[in-house]
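Biologist: Before we look at anything together, could you take me through how a model of this kind is to be read, one feature at a time?

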Amino acid sequence: MAGVRAALMRGGTSKGALFLADDLPADAAARDDLLLRVMGSPDPRQIDGLGGAHPLTSKVGVISPSAQDGVDVDYLFLQVVVDQPVVTDAQTCGNILAAVGPFALERGLVAAEDGVTEVRVRMVNTGGLATLRVQTPGAAVTYDGDTELSGVPGTAAPVEIVVEPSDTPLLPTGHLVDELAGVEATLIDNGMPSVVVRAEDLGVTGTETPAELEANDKLTARVREIRLAALPLMGLDPDPDATTVPKIVLVAPPAAGGTLATRSFIPVRVHQAVGVLGGASIAAAAALPGTVAHDLADHAGGSRVRVEHPTGFLDLQITTEGDRISRTAVVRTARMILDGTVYPGPARPASP
Ligand code: NQM
């Protein structure tokens, strides 16, 4: 079996395999088949591939030069489902986005400047644009630095990210609040389709650990009902097993000095932290009067929103123009873990 050139990278609090599009089959079905075998899916342990047996470590970025004016690279994100033979492009990923800049520089798609290099990225999944500022002293990428991220041990070089909104409506139903499966919810998409509900309305505090929430059968059944109701309202694939959106976010008043406490079902497992664009969508909900999040949030930080999550917090800077979010800025870090050749395993039957 021929190997494929790949980089295993951490982007923010996630980890995934990054490829040049030219190194993968052009046909989407052949590409997805190969990616399942590369990551070791479907298998709850992903024992025969690069995947880390959790949605946060079963991610893929496919990078190519962009044909769009003023854009350096196109970034197609693919979520490889751990225990199903599913590869979906229904969402993008702002954490892996942090690795796209360094990867594009390492592969020579963008020439590094001495100091900081800007990489302009088109997120193919959403049509959104992002500008990344990557540390490149001596015109080479460095991963070393002193930026800390909640949920990542140690420190690393910052990757500053500014995301511009896509053309997707911020409120897909046009309402600040909808009722889903008997619960008030704000359906919102500032980069990640999300359903924001009050933790209290689901009988929890919103400060539980991910393991506690995942073990709460009554809660997980309610979350699934809410998600099923949200799918058609948000114009998403109605088959919940074929997609990884929307994320269901439980919100509560801040418990650690931030803006809002959150726990995110993504959408079955509970995030150990929070997604970047997931966080941007939560921050947008917190900023808009009339949503289920607005009155629970502490607005003392103004446009600086601190989203509390199970392993710390995510800080975002949100710029609003009326009821529109015109800019989201966030700092992440990234790291090259391994750069080489990956050998896809054999095709395997779906898990029992
Ligand atoms: O929302 C996980 C992650 C994500 C998504 C998920 C993300 C984002 O943390 O931008 O980064 O919600 O599936 O990698």
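Predicted model: local features only at pLDDT ≥ 70, side-chain atom pairs only at ≥ 80, totals over all residues.

Biologist: Is Glu-225 buried, partly exposed or exposed?

Modeller: The general idea is a neighbour count: a residue is buried if 20 or more other C-beta atoms, placed from the backbone, lie within 10 Å of its own, exposed if 12 or fewer, and partly exposed in between. Glu-225 has 14 other C-beta atoms within 10 Å, and therefore it is partly exposed. Its place is in helix α4 (residues 217-233), where helices (H or I, at least four residues) and strands (E, at least two) are DSSP runs numbered from the N terminus. The C-alpha atoms of Glu-225 and His-299, 74 residues apart along the chain, are separated by 31 Å.

Biologist: What does the count give for Asp-295, and where does this residue lie?

Modeller: Asp-295 has 12 C-beta neighbours inside 10 Å, so it counts as exposed, and it lies in the loop between α5 and β16 (304-309). Between the C-alpha atoms of Asp-295 and His-54, which are 241 residues apart along the chain, the separation is 33 Å.

Biologist: How many residues surround the ligand, and which are the closest?

Modeller: A residue is near a molecule if its C-beta atom, placed from the backbone, lies within 6 Å of it. Here 15 residues surround the ligand, and the closest are Ser-14, Gly-94, Gly-275, Leu-277 and Gly-278. Helices α2 (94-106) and α5 (276-287) each supply at least two residues of this shell, and the largest share, 3 residues, comes from α5. By class, the shell has 7 nonpolar, 7 polar and 1 charged residues, where Ala, Val, Leu, Ile, Met, Phe, Trp, Tyr, Cys and Pro count as nonpolar, Asp, Glu, Lys and Arg as charged, and the others, Gly among them, as polar.

Biologist: Why is α5 described as largely enclosed?

Modeller: 12 of the 12 residues of α5 are buried, so this helix is largely enclosed by the rest of the structure; among them are Val-276, Leu-277, Ile-282 and Ala-287. From its first C-alpha to its last, α5 reaches 16 Å, close to the 16 Å expected at 1.5 Å a residue, the expected span being 1.5 Å times one less than the number of residues.

Biologist: Which residues touch the most other members of the largest nonpolar core?

Modeller: In soluble globular proteins, nonpolar side chains tend to be buried together. A nonpolar core is a set of buried Ala, Val, Leu, Ile, Met, Phe, Trp, Tyr and Cys residues joined through C-beta atoms within 7 Å. The largest one here has 98 residues, of which Leu-97, Val-100, Val-196, Val-251, Ile-282, Ala-283 and Ala-293 touch the most other members. Helix α5 gives the most to this core, with 9 residues. Leaving aside neighbours within four places in sequence, Val-100 is in contact (C-beta atoms, placed from the backbone, within 7 Å) with Gly-61, Ile-63, Val-73, Tyr-75, Val-121 and Leu-132.

Biologist: Which residues of α1 are buried, and what follows this helix?

Modeller: The buried ones are Asp-32, Leu-35, Leu-36, Arg-37, Val-38 and Met-39, and they pack against several strands, including β1 (4-11) and β18 (324-342). After α1 comes Gly-40, whose phi is positive, near 90°.

Biologist: Which backbone angles deserve a look in the loops?

Modeller: The peptide bond from Ser-41 to Pro-42 is cis, with omega near 0°, and Pro-42 lies in the loop between α1 and β3. Another cis peptide bond joins Val-245 and Pro-246, with omega about -10°. Ala-53 has a positive phi, near 65°, in a residue other than glycine, and it is partly exposed, with 16 other C-beta atoms within 10 Å.

How values were computed:
Residues numbered from 1 in each chain as written. Contact = placed C-beta atoms within 7 Å.
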